[in-house]
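Here's a quick tour for someone who likes to know the cut-offs behind the words. Have the model open while you read.

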Amino acid sequence: MANATVQDEGISLDVITIGRSSVDLYGQQIGNKLEDVASFSKAVGGCPSNIAIGTARLGLKSALITRVGDEQMGRFIREQMVREGVEVRGIATDKQRLTALVLLGVENDHSFPMIFYRENCADMALDEGDVDEAFIASSRAVLVSGTHFSKPNTEAAQLKAIRIAKGLGRKVIFDIDYRPNLWGLAGHAAGESRYVASDFVSSKLRPVLAYCDLIVGTEEEVLIAAGESDLLAALKTIRSVSSGTIVLKRGPMGCIVYDGAIPDRLEDGIVGTGFPIEVYNVLGAGDSFMSGFLRGWLAGEPHQTSATWANACGAFAVSRLLCSPEIPTFEELQYFLKHGSKFRALRNDEAINHIHRATTRRGDYPSLMALAIDHRSQLEEIAGEFGKGDTAIADFKVLAVEAAARVAKGRPGYGMLLDDKHGRKALFAAQKHGFWIGKPFEEPGSRPLRFEFYQDAGSRLIDWHIEHCIKVLCFYHPDDAAALKAEQIAKLQELQAAANKVGRELLIEIIAGKHGTLDARTIPRALEEMYAAGLKPDWWKLEPQASAEAWRSIDATIKANDPWCRGVVLLGLEAPQAELEIGFAAAQAASVVKGFAVGRTIFGEAARGWLGGKITDEQAIADMAGKFAALTAAWERARSAG
């Protein structure tokens, strides 16, 4: 993330946005009528909420003043704001009202139906009591939005924020954000309607203009704010009451910025040229545009730069399906401006998409120590020796979760590898402890790689937990036959494509030593081949290496091909702890190594003892916890020494 622009003493925020917050449900079937849509993607929505997220992604310190319901969707909005880095102390919980919902669809490239479920919703109950003077004082600017001038209580809240901001010498930004049916001017089915002339609406919006340092709107929004029917006349009317910067959004034609007198020709303002992008969905494009403009304007950039950033951000949103999730990060934006794209549909540019995914991932893992018990065939073999079945294996994995929890003690940086076949109960138990969780996808022991259960990766991922990382083990050696390597890489490519489509993280585990020699160049060569094939997983899981030289080569290979990779975790292969400690020490030569995911070294003895009826639940837990704790201590010692 870029550096924030906050500099003044006592000011901790760049911008506070005020107004709508909703949960947007986007139809996933493109080209269908909204009546026929079968499934939806969920995201935070509402103009000010989108802008709070967008500006945070672009490096500003943002906050939101709104209300949400005291239910799951309200908590989702708050939690997502926290994940995005938005300050949430201005989000009030309304115990009497529900969070607003919006259903949206893409029928074609010019029809985007939507239905607002906003009757007596939480954000429209916002009032003056929700606006705290000290909070407003902590920000360089406040952003008010048009919809919240439609009701007396929300209007009073926004006017209070404006008065406080102006009294303190802060900037006031006005996103006109005009949607006629939110003013009662169009029917419930006319959510996509963008303009209905109304003297009442104009009478509410026009007085706000005099207080504003920045006014942003589409052609229709400028007309309604000014109460005019001619665009040039509307701009001049706004200028007659406000000396603020005016930004006229013109869709694919970009934007025009006006400072000072309004010229007689629209194009004689500062023209920000648009980007030639295929229109996929226009909903949310204005919020992405505003985010980009504010990133420049609040940092004191020339208007031309702010306009370029705004138009580029708008192009990203237009080319993708959702609203707030599609707004670029500053790193992504700068990459696009430097390199451009050969795709008019930016959603098809895999280089840009990779940066977007990598810079908007959930959570941060500077260290990851995981107890791996995703084993299926190995535990089935042990259980079979003692006449035990699947139920016993499932129960043992629950004990392993308890062991890991005793070591983690609620601290970050701990995780588990667990499977769907025997680990369903254990997965539910692990979820309560906040672990990083990875789940296997491969058929155990398969070479060439096969997926477990069935071969259609996309179908299996439909119900995959949003935070569970996909782990796939591939027995791959760079000296394998070309046909075998091609088959395995194709299988990994299929899984990566499916993971990217549904927004799940991917860990690729490579074991080369079982099918060839392992020297200082073996794993770097394997990584180079996979990167050349377009594979860029979030994580790698690799065998311990015998030398620091090997790790330095691995480190350089990953950084050269994917600087956004989360990192590497070490696997154990049932090695004794002393041997693993040697591997831990060697791995410190590579900064990409973040930890380990070790299994049988930790649970092997306990599994035989417990499944054989020789030890109790508590003894099994204590044994695994002791071994896991010893390994985590060894890893932390190695890191400190390294």
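Val 106 touches Gln 29, Ile 30, Gly 31, Asn 32, Ser 111, Phe 112, Tyr 280, Asn 281 and Leu 321, once its neighbours within four places in sequence are set aside; contact here means heavy atoms within 4.5 Å. This is a predicted model, where local features need pLDDT of at least 70, side-chain atom pairs count only at pLDDT 80 or more, and totals for chains, interfaces and linings use all residues. Residues are numbered from 1 along each chain as its sequence is written, and side-chain values use heavy atoms, with hydrogens and water left out.

**Two buried valines in loops**

- Val 106 sits in the loop between β6 and β7; helices (H or I, at least four residues) and strands (E, at least two) are DSSP runs, numbered from the N terminus.
- Val 106 counts as buried because its relative accessibility is 3%, the scale being buried under 20% relative accessible area, exposed over 50% and partly exposed in between (1.4 Å probe, protein chains only).
- Tyr 195 is 89 residues from Val 106 along the chain, and their C-alpha atoms are separated by 19 Å.
- Val 37, in the loop between β2 and β3 (40–45), is buried too, at 11% relative accessible area.
- Beyond residues up to four places away in sequence, Val 37 touches Gly 27, Gln 28, Gln 29 and Asn 32.

**The second largest pocket**

- The second largest pocket holds about 1100 Å³ of space, a volume being the space filled by probe spheres set on grid points that are joined across faces, edges and corners.
- Of its 46 lining residues, Arg 194, Thr 218, Val 282, Ala 285 and Gly 286 are the closest to the centre.
- A pocket is an open set of points on a 1 Å grid over the protein atoms alone, where a 1.4 Å probe fits, with protein on both sides within 12 Å along at least five of seven lines; lining residues have an atom within 4 Å of a point.
- The elements that each supply at least two lining residues include β2 (22–27), β6 (100–104), β7 (114–117) and α9 (303–318).
- The lining has 20 nonpolar, 12 polar and 14 charged residues, with Ala, Val, Leu, Ile, Met, Phe, Trp, Tyr, Cys and Pro as nonpolar, Asp, Glu, Lys and Arg as charged, and the others, Gly among them, as polar.

- α9 is mostly covered, with 13 of its 16 residues buried.
- α20 (residues 600–611) spans only 14 Å between its end C-alpha atoms, whereas a straight helix of 12 residues would span 16 Å; the expected span is 1.5 Å times one less than the number of residues.
- Nine of the 12 residues of α20 are buried, so the helix is largely enclosed by the rest of the structure.
- Those buried residues pack against several elements, including β14 (368–372), α12 (377–385) and α21 (617–641).

**Asp 374**

- Asp 374 lies in the loop between β14 and α12 and is buried, at 4% relative accessibility.
- Its side chain makes a 3.0 Å polar contact with that of Lys 471; such a contact is a pair of N or O atoms within 3.5 Å, and within protein one must be able to donate a hydrogen and the other to accept it, while residues adjacent in sequence count only if both atoms are side-chain atoms.

- Most residues other than glycine have a negative phi, and most peptide bonds are trans.
- The Arg 447 to Pro 448 peptide bond is cis, with omega near 10°.
- Phe 453 is not a glycine, yet has a positive phi of about 75°.
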